[in-house]
Amino acid sequence: MSVNNIVRYPAKQGNFSATQTLVDVEIPSGSGVWNLSKCYVDIPVKPTYTETSAAPVNNTSDSDAGVYSNVLIVDVAGNQAGRSQLCPPTQAILVKNAECFSSTKGRIASARRVDALRTALAVYEKDERTAIDDPAGINRPATDNIWSLGKMAELTGEGEDPSIERAHGIKIYLSDIFNFGSMTAYDSSPSAMGALRIHLETNLDLLKSIPVVDAATFALNQHADGAKPTYGAIDGYADPGAGGQVMNYAMTTAVYDSVDDSPFWVGMKCLISNTSAGAGGNVVNAIVKIKKITHNNGVDASLNPQSAGAAAANKGKLHLEFDTTGYVTALANTETRAAGTLIHSPAASNTLSFDKVDLVAVSSSDPAPSGVDYTEWLLQDDSLAAGVHSNYTRTYQIPANCMTGVILHCGLKPANGASMYSSDEWKSYRVSINNEPLTTLDVESGSAQHYDLIRKAFVNRGRTLKCVEEIVQSIEGRRLGASRSVTVENGRSRVIAFPVPLSASPQQLELAVTHATGTFSGPVRLYWETVKSV
């Protein structure tokens, strides 16, 4: 059994940021034979947080800083609610335009608006489970465990082991950028292909970090059930009669089957509020940091102090101990504190750092071919004036040697955002090639004809159609008791795709499309998959 060598080649640039977004990587000439289908661009991302609040009251640990769990988003909506909350189905959404060159063969592939094309195709190529389980994805959708939090921290939800923030590595496979990247034996010897040079224009400027939970989250009713308490509700407390006892704990009002169902973690900074007419007085938004989380088993002597709700009736609640000598320093004898709230205090802001970008190359034991046949996507841009066209009929030229056509109807580009998702909702369409209709009737959205054309297009490409839900999942979805997709534009991504009879000469496409409910709003992107060889 052969063993593949893995080599990291650093990018030519030394710095990356929201304003430094170009990436150039290279597999050197004479370095061996490489399996490009397993090679990827590795982008480690880590946020640096600016604290909102001052030090926790009476803090006893060495660090005042909280531990934060943010999630990465691609902010296509320009700091607005909506599509930025979607989970990109592919990491290739971070590549806007790309080129690759062989030092002996010249330019091999050029890919424009990789982000729009690959995102649209991935909706059909990946099922829901694949999106959830991808460890190198940008973020993950809300699952049945609604508090499955971000990828940039290891969070402790029970006990007192500290939570840890960490960098998250995003992998962008070459095969998700170029079709040529599916090659399994690239021979870098000078007599064959030579060095492989890759230039990427990225969307790092759109990559941002936002809180998974915020203060408003803790005002939500548990499981979106109005009969249940809010996540931030904490029980009242009565001093058992000893007096002088400090308060460095709280008990949730909500009952949890498992701590995994809880939005709390060790190291979370919170604001606690409750009232009392006793010596402790009213507490309003005192800053505390969670030190330990115990799932109350309802048995005496299991909590410290025992009087903090160990009765059987409180089984399943969370006992939260704070890193403080007491946010209330001394309770009066038999003092009663009213029920209150405990809400998360997110960081004031954060900045993302990209310490380095590498090309991770994997060697191949396959024999290098004498020639390579592959395909390349060519982009033909068109546009529709926003708010004008409820339907349109247009004629386009299909390039020679084309085997597949994919058409995206993208929303209008918002300020500071990007027009990326194919989310304009059409009702029906008709496609003719060289005056020959592909179907006898108009193709309706969601119809068997629509999916059959997509299936045939995928078969033409040698790819498998895995999902026809045409839904882009959301990081919020089930957490808010909603569907898996956000409400803005229905979280939909739909393409018009069809096979094209192979011809050495250009062909003519006639396309007629009708909008579902209103008018089209922006770009129409026509991608043609053409056959090439080198």
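**Confidence first**

Let's start with helix 2, residues 128-133: among the elements of the chain, helix 2 has the lowest mean pLDDT, at 69. Strand 12, residues 196-202, has the highest, at 98. Keep in mind that this is a predicted model. Over the chain, pLDDT averages 88. A score of at least 70 is reached by 91% of the residues.

Now, where does pLDDT stay under 50? That happens over residues 478-489. The model still has 39 contacts for residues 478-489 beyond four places in sequence. Where pLDDT is low, the predicted coordinates should not be read in detail.

Next, the overall picture. The chain has 534 residues, and 52% of them count as buried. There are 3 helices and 32 strands. The C-alpha trace spans about 95 × 55 × 40 Å along its principal axes. Take contacts between residues at least 6 apart in sequence: 78% of these join residues at least 24 apart.

The chain exposes about 21900 Å², and carbon and sulfur atoms supply 49% of that. As for charge, count 44 positive and 54 negative side chains. The centres of the two sets lie 4 Å apart.

Last stop: helix 1, residues 114-125. From first C-alpha to last, helix 1 reaches 15 Å, close to the 16 Å expected for its 12 residues.

Key:
Residues numbered from 1 in each chain as written. Predicted model: local features only at pLDDT ≥ 70, side-chain atom pairs only at ≥ 80, totals over all residues. Heavy atoms only, no water. Helix = DSSP H or I, 4+ residues; strand = E, 2+ residues; numbered from the N terminus. Buried < 20%, exposed > 50% of the residue type's maximum accessible area, 1.4 Å probe, protein only. Contact = heavy atoms within 4.5 Å. Areas by Shrake-Rupley, 256 points an atom, 1.4 Å probe, with all protein chains shown as cover. Lys, Arg positive; Asp, Glu negative; His and termini not counted. Charge placed at Lys NZ, Arg CZ, Asp CG, Glu CD. Expected span 1.5 Å × (residues − 1). pLDDT = per-residue confidence, 0-100.
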